[in-house]
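Thanks for making the time.

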Amino acid sequence: MILNSWNTLQNGILSFQINAMNYTGTLRSTCVGFFQLGIDLDPNGTISPWYVEGTNCVAHYFLNSNNPAVQPGFKTPTGTELGLTIQDITSAKEIMFQIIDFSVSGQDRYWNATIPYSGSEFYGTYTQLEFQPVAEPQILDYHFSGSIYNMTYGSAISSMIPLNNSYMLPFTLDAPSTWSLTYYNGQQDGYQQIA
């Protein structure tokens, strides 16, 4: 994901996520077997990384001891490149969540968490842009433009497979009506979100 620009009025309102589900999580509208890795886009060019561990829909923030509450985030420059990965490491019976911020160095570059897991293999996946509802007059004050590319899946990091053109649009929840999602582009294995 590349973040070109964003403007939010408060923490925890706008986020981008990737989701991986086992068979149960894919077929039922439930938080069981549903694993999320996400980034809150916060005011003043800050982001807050978090994950959902597949037993409920509570976001656990990487910052401040994984406290499951909205966190203020850290500064990242315009043009930030982020890599998001959810991996089922079957040999270790665990799931690893990893976010890499390629635009910074030091302690804010890698965000890793692992949880125990011995359930069924991943069965479905999708990306998600989520906007928490706010008062109607405020909604036009929110802006975001960015692109997602090199979207892949597979059974090993060393042999990932690009998503094909049947992946058309990401799931969007409560986004402002002025936002436009472009169609999935097979040449860049991704899409653009334009506010």
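By class, the lining of the second largest pocket comes out as four nonpolar, five polar and one charged residues. Keep in mind that this is a predicted model. The residues concerned are Gly 25, Thr 26, Arg 28, Ser 29, Thr 30, Cys 31, Phe 34, Gln 36, Cys 57 and Tyr 126. Two elements give two or more residues each to that lining, namely α1, which covers 23-27, and β3, which covers 34-42. The space in this second largest pocket is about 190 Å³.

Now the largest pocket. How much space lies in it? The figure is about 1,100 Å³. Its lining takes in 36 residues, and those nearest the centre are Leu 84, Ile 86, Thr 152, Tyr 153 and Met 160. Which of the elements gives the most? That is β7, with eight residues. Sorted by class, the lining of the largest pocket has 21 nonpolar, twelve polar and three charged residues.

Let me stay with Tyr 153 for a moment. Tyr 153 sits in strand β12, and as I said, Tyr 153 is among the residues nearest the centre of the largest pocket. Is Tyr 153 buried, exposed or partly exposed? Its relative accessibility is 41%, so Tyr 153 counts as partly exposed, because that class lies between the cut-offs of 20% and 50%. Tyr 153 also belongs to a nonpolar surface patch, together with Ile 157, Met 160 and Ile 161. The patch has an area of about 350 Å². Met 160, then, is named both in the patch and nearest the pocket centre.

One is Gly 124, which is found in β10. Gly 124 is buried, because its relative accessible area is 17% and the cut-off for buried is under 20%. Between Gly 124 and Leu 27 there are 97 residues of separation in sequence, while their C-alpha atoms are 9.1 Å apart in space.

The other is Leu 129, again in strand β10. With a relative accessible area of 3%, Leu 129 is buried too.

Where is Asn 44 found? Asn 44 is in the loop between β3 and β4, with β4 running over 46-53. Its phi is positive, about 60 degrees, although Asn 44 is not a glycine. Asn 44 counts as exposed, because its relative accessibility is 64% and exposed means over 50%.

Lys 93 is the second case. It lies in the loop between β7 and β8, and β8 spans 94-101. Phi is positive at Lys 93 as well, about 55 degrees, and Lys 93 is not a glycine either. Lys 93 is exposed, with a relative accessible area of 55%.

That is what I have for today.

Conventions:
Residues are numbered from 1 along each chain as its sequence is written. This is a predicted model: local features need pLDDT of at least 70, side-chain atom pairs count only at pLDDT 80 or more; totals for chains, interfaces and linings use all residues. Side-chain values use heavy atoms; hydrogens and water are left out. On a 1 Å grid over the protein atoms alone, a cavity is a set of points where a 1.4 Å probe fits but cannot get out, and a pocket is an open set with protein on both sides within 12 Å along at least five of seven lines; lining residues have an atom within 4 Å of a point. Grid points are joined across faces, edges and corners, and a volume is the space filled by probe spheres set on the points. Helices (H or I, at least four residues) and strands (E, at least two) are DSSP runs, numbered from the N terminus. Ala, Val, Leu, Ile, Met, Phe, Trp, Tyr, Cys and Pro count as nonpolar, Asp, Glu, Lys and Arg as charged, and the others, Gly among them, as polar. Patches are made of residues with over 30% relative accessible area and no salt bridge: like charges are joined within 9 Å, nonpolar side chains (Val, Leu, Ile, Met, Phe, Trp, Tyr) within 5 Å. Accessible areas come from the Shrake-Rupley method with a 1.4 Å probe; for residues, only the protein chains shown count as cover. A salt bridge is a side-chain nitrogen of Lys or Arg within 4 Å of a carboxyl oxygen of Asp or Glu. Buried means under 20% relative accessible area, exposed over 50%, partly exposed in between (1.4 Å probe, protein chains only).
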